[in-house]
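Here are my notes from going through this one, in the order I looked at things. Have the viewer open while you read.

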Amino acid sequence: MESTAASKPKSEYLVPRISQFKIALCQLLVTTDKDTNLNCARNMLEEAADKGAKLLILPEMWVCPYSHEYYAKCAEELDKEESSQAFSMLSKVASSRKITIVGGSIPVRKNCKIYNTCCVFGPDGKLRAKHSKLHLFDYYEPGASFKESDSFTAGDTPTIVDTDVGRIGIGICHDIRFPELAMLYRAKGADLIIYPGAFNMSTGKMLWELETKARQVFVAVCSPCRDSAGSYTIWGHSMIVGPSGETKGRAEHEENIVIAEIDYAENQLQRELFPMLNQHKEDLYKLLDTE
């Protein structure tokens, strides 16, 4: 797993070289057939690139339904790139279209364990970073419990990566529920935090938009569409939010591509209006960066 560890001074925000660009969220319909999902994702990425997007995002678990019985069958081994269909497709599209792709997440097998993993590819097609979901979604409700830890092993490293379109922090779905991770990414100078996710109907209605808007930095959340296969019903509503909480682009629950304009100068404006990093009471509490 790759990540950058350099921090910036609290009062400093350096606008990246490319500070204005189009971002695309590909809210695709996931079927039970992996080849169909690969083709659908490729087509949506190509369409978004044709529309001028420079940063393209796929949802959580787009190669298979969000259901235990599919994870092992559809899992890929990233150490064997030649046999990894999703890895190969994303690399080729990123290289051929000269775009940055945050490849949602797929089940990844390593050392006899399965991880929920996001891969980031640069315009040269090379893997820039990978992030395994840190916080697994175990949800207890009478008649509707869901225990992701029965299927996946949790990752153990936050991931922030420098790309052609800025410094990006990566989380996956339930990772967004933990503000400490977003605080760490902001302290490390993230321009944008991206969370591929698949909230259910209950948590989606209550928390999806609320938590996306509460991070005071650009945030993108990308979900499969609601009509995706499997017994787990997905909220949808992929969206991109600015640092002030303003919605820049949003899908409903159907299959769709959301394209929005990003201008990182808004990050600087928000920091000037609300200099919260300088207002931390580190004599009372402190963010510990274990890296």
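1. Start with helix 6, which spans residues 265–273 and has N267, Q270 and R271 buried. Those three cover an arc of only 100° around the axis, so they sit on the same side of helix 6. Turn to the other side of that helix and you find E272 and L273, both exposed. The cover over the buried residues of helix 6 includes helix 4 (179–187) and strand 12 (218–222). Keep in mind throughout that this is a predicted model.

2. Next, the nonpolar cores. The largest one has 45 residues, and the ones with the most contacts inside it are L28, L45, L58, W62, M89 and L90. At least two residues of this core come from each of strand 1 (20–27), helix 1 (34–50), strand 2 (53–57), helix 2 (68–74), helix 3 (85–97), strand 4 (106–110) and strand 5 (113–121). Which of the elements gives the most to this core? That would be helix 1, with 7 residues.

3. Setting aside residues up to four places away in sequence, L58 touches C26, L28, A41, L45, L90, V102, G103, G104, P196 and C222. Another core, of 44 residues, lies apart from the largest one; C173, V221, W235 and Y264 are among its members.

4. On to the aromatics. How many aromatic pairs does a search of the whole structure find? It turns up 8. One of them is F87 with F121, an edge-to-face pair at 5.0 Å centre to centre with 80° between the planes. F87 belongs to helix 3 and F121 to strand 5, so this pair ties together parts that are 34 residues apart in sequence. Both F87 and F121 are buried.

5. F137 and Y139 make a contrasting case for the viewer. Their ring centres are 5.4 Å apart and the planes are at 20°, so this pair counts as stacked. Are the two partners buried or exposed? F137 is buried, because its relative accessibility of 7% is under the 20% cut-off. Y139 is buried as well, with a relative accessible area of 16%. Elsewhere, Y66, Y71, F152 and Y232 form one aromatic cluster.

6. What does the side chain of H131 make polar contacts with? One partner is the side chain of T159, at 3.0 Å. The side chain of D175 is another, joined to that of H131 by a polar contact of 3.1 Å.

7. Last, a residue in helix 2: Y70. Y70 has a relative accessible area of 16%, so it falls under the 20% limit and is buried. Leaving out neighbours within four places in sequence, Y70 is in contact with T32, C64 and P65.

Notes. Residues numbered from 1 in each chain as written. Predicted model: local features only at pLDDT ≥ 70, side-chain atom pairs only at ≥ 80, totals over all residues. Heavy atoms only, no water. Core = buried A, V, L, I, M, F, W, Y, C linked by side-chain atoms within 4.5 Å. Buried < 20%, exposed > 50% of the residue type's maximum accessible area, 1.4 Å probe, protein only. Helix = DSSP H or I, 4+ residues; strand = E, 2+ residues; numbered from the N terminus. Contact = heavy atoms within 4.5 Å. Phe/Tyr/Trp six-rings, centres within 6.5 Å; stacked < 30°, edge-to-face > 60°. Polar contact = N/O pair within 3.5 Å; in protein donor to acceptor, adjacent residues only side chain to side chain. Arc of directions from axis to C-beta.
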